[in-house]
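Here are my notes on the model, point by point. Have the structure open while you read.

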Amino acid sequence: MARNIFHVDFNCFYAAVETQRRPELRGRPVAVCGSQEDRHGIVLTANYAAKPFGVKTGMAIWQAKQCCPGLVVLPPDMWEYIRISKLAREIYEDYTDQIEPFGLDENWLDVTGSVGLFGSPMAMAKEISDRIKFELGITASIGVADNKITAKLGSGYKKPDAITRIEADNYREIAYPLPVRDLLYVGPATEKKLNSLGIYTIGHLAQCPVDCLTYKLGKMGAVLHTFANGKDPSPVKRTDYAATVKSVGNSATTPRDLVCGEDVHLMLYLLAESVASRMRDLAARCMVVELYVRDTGLVSFTRRRKLAVPTCSSAEIAQAAFELFRANNRWCQPIRSIGVRGAELVEADAGVQTSLLDDDAKREKWERIDSTMDHLRQRYGYMSIRRAVTCADPELGKINPRDDHTVHPVGYFGG
């Protein structure tokens, strides 16, 4: 039985919400941007009035203002965006209980079982689109297909406020000429590798031998080949689905550049405390520590290390991350942002094979200290107790990564 899948993608979501509640800004170029004071000064979303000037997501604010001198820059109001996202979900729930979010502004809907109640998929998509405009005051583009990947391709095909059907009868006509970067999970690095094989469009990717792709991209080559051929068997998860958490990560763009090992060591302790605390909330320990670093030249790297014994000790996580940093960074540029992740989580009380060379008593002592800090922070506030190392630099030490910085989400493949 063929499925009927929608991908609903709000148009310029943050900027649309801001102009909806500020009518005086309608028709003017608007960009929602991160804080310039805290050095998150990039464009998060720009509306369609700003795009003709060359304003793009990820652009620095000063660059955006050079492109568009009349640009209205607004700070993000995440609580309002979350509220609107929840109201949209209430609309979707009138049509299906299979709703899978992909960020605040995107959702997949499986409406296969609702066609008999609401009419054709295109009629249902039109009704949902009209309700979003009438009830929320913003617009969305909707892709209609028989799988999630192609539905997402459809929602991006025409913008703003469009409905595009891409199924077997018109898939090659619409999808094959599109640039390969339009396919989900073809980022800049993957696009460059595909271009080196002479693959520039989705059609080229679909017709390329699988063996060639797996040789160049590994297992992901076969996945992308399947996607390019308009196939994706993955289901749209139900509303009550709870994903198994496999990793916990935290990152921060620092208020000033990190220029020495002491700066990095301080930041890694701050981030490791947040990561370890989240793992304790989940009654879990990690088997792998991952480090993410991006310098001021926007060059980044990610490294990981397998631990001998699972841990939720912030000291142990920070030390492993710092060793990764020292082994892999050459200080070509100062560091702008940094992140730590605990991966391959296991249950905290799961039995493990310990090592005669490992100091389990020391690990248990540090974990008890961490737990005590958790209780004190819950009662008196996050900054009520701090490690001495984090007091060495007041500017960096003031960061509260638990509440104020990026928590890495679960991706499409559930990792």
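1. Helices (H or I, at least four residues) and strands (E, at least two) are DSSP runs, numbered from the N terminus. This is a predicted model, where local features need pLDDT of at least 70 and side-chain atom pairs count only at pLDDT 80 or more, while totals for chains, interfaces and linings use all residues. Residues are numbered from 1 along each chain as its sequence is written, and side-chain values use heavy atoms, with hydrogens and water left out.

2. Start with β7. Strand β1 (residues 5–10) runs antiparallel to β7, and six bridges join the two. Phenylalanine 10 has alanine 140 of β7 opposite. β7 also pairs with strand β8 (residues 163–165), this time in the parallel sense over three bridges, and there valine 144 faces arginine 165 of β8. As background, strands of a sheet pair through backbone hydrogen bonds, either parallel or antiparallel.

3. How many residues of β7 are buried? Six of the six in the strand (residues 140–145) are, where buried means under 20% relative accessible area, exposed over 50% and partly exposed in between (1.4 Å probe, protein chains only). Ala140, Ile142 and Val144 are buried on one side, and Ser141, Gly143 and Ala145 on the other, so both faces of β7 are covered. In a regular strand the side chains alternate between the two faces of the sheet.

4. Check the handedness here. β7, helix α6 (residues 148–155) and β8 make a left-handed β-α-β unit. For reference, a crossover is right-handed if, with the strands pointing away from the viewer, the path from the first strand over the helix to the second runs clockwise.

5. There is also an open sheet of three strands, ordered β3-β2-β4 with mixed pairing. β3 (43–46) and β4 (72–74) are its edge strands, each pairing on one side only. On average, neighbouring strands of this sheet are turned by 30° against each other, direction ignored; axes are lines fitted to C-alpha atoms, for helices over the stretch in contact, and angles run from 0 to 180 degrees between N-to-C directions. Strand β2 (residues 30–33) pairs with β3 in the antiparallel sense over three bridges, and alanine 31 has alanine 46 in β3 as its bridge partner.

6. The loop between β2 and β3 holds serine 35, which is partly exposed at 26% relative accessible area. Its C-alpha atom is 9.6 Å from that of isoleucine 61, 26 residues apart along the chain.

7. On to charges. The whole structure has 31 salt bridges, each a side-chain nitrogen of Lys or Arg within 4 Å of a carboxyl oxygen of Asp or Glu. One of them joins aspartate 94 and arginine 131 at 2.9 Å, N to O. Aspartate 94 sits in the loop between α3 (78–92) and β5 (99–101) and arginine 131 in helix α5 (residues 121–136), so this pair ties together parts 37 residues apart in sequence. Lysine 306 and glutamate 344 form another, with the closest N and O atoms 2.7 Å apart. That pair links strand β11 (residues 300–311) to strand β12 (residues 335–347), the two residues being 38 apart. Lysine 306 is exposed at 53%, and glutamate 344 partly exposed at 36%.

8. Arginine 165, from point 2, has a salt bridge to aspartate 169 (3.0 Å, N to O). Arginine 165 is partly exposed at 29% relative accessibility, while aspartate 169 is exposed at 59%. Elsewhere, Glu273, Arg280, Asp370, Asp374, Arg377 and Arg387 are linked in a salt-bridge network.

9. Last, the rings. The count is nine aromatic pairs: rings of Phe, Tyr and Trp (its six-membered ring) pair if their centres lie within 6.5 Å, with planes under 30 degrees apart stacked, over 60 edge-to-face and the rest tilted. Phenylalanine 13 and tyrosine 14 form a tilted pair, 5.8 Å centre to centre with 50° between the planes, and both are buried. Phe10, Phe13, Tyr14 and Tyr81 form one aromatic cluster. Phenylalanine 322 and phenylalanine 325 have ring centres 6.4 Å apart and planes at 10°, so they are stacked; both lie in helix α13 (residues 314–328), about one turn apart.

Note on methods:
Pairing = 2+ DSSP bridges.
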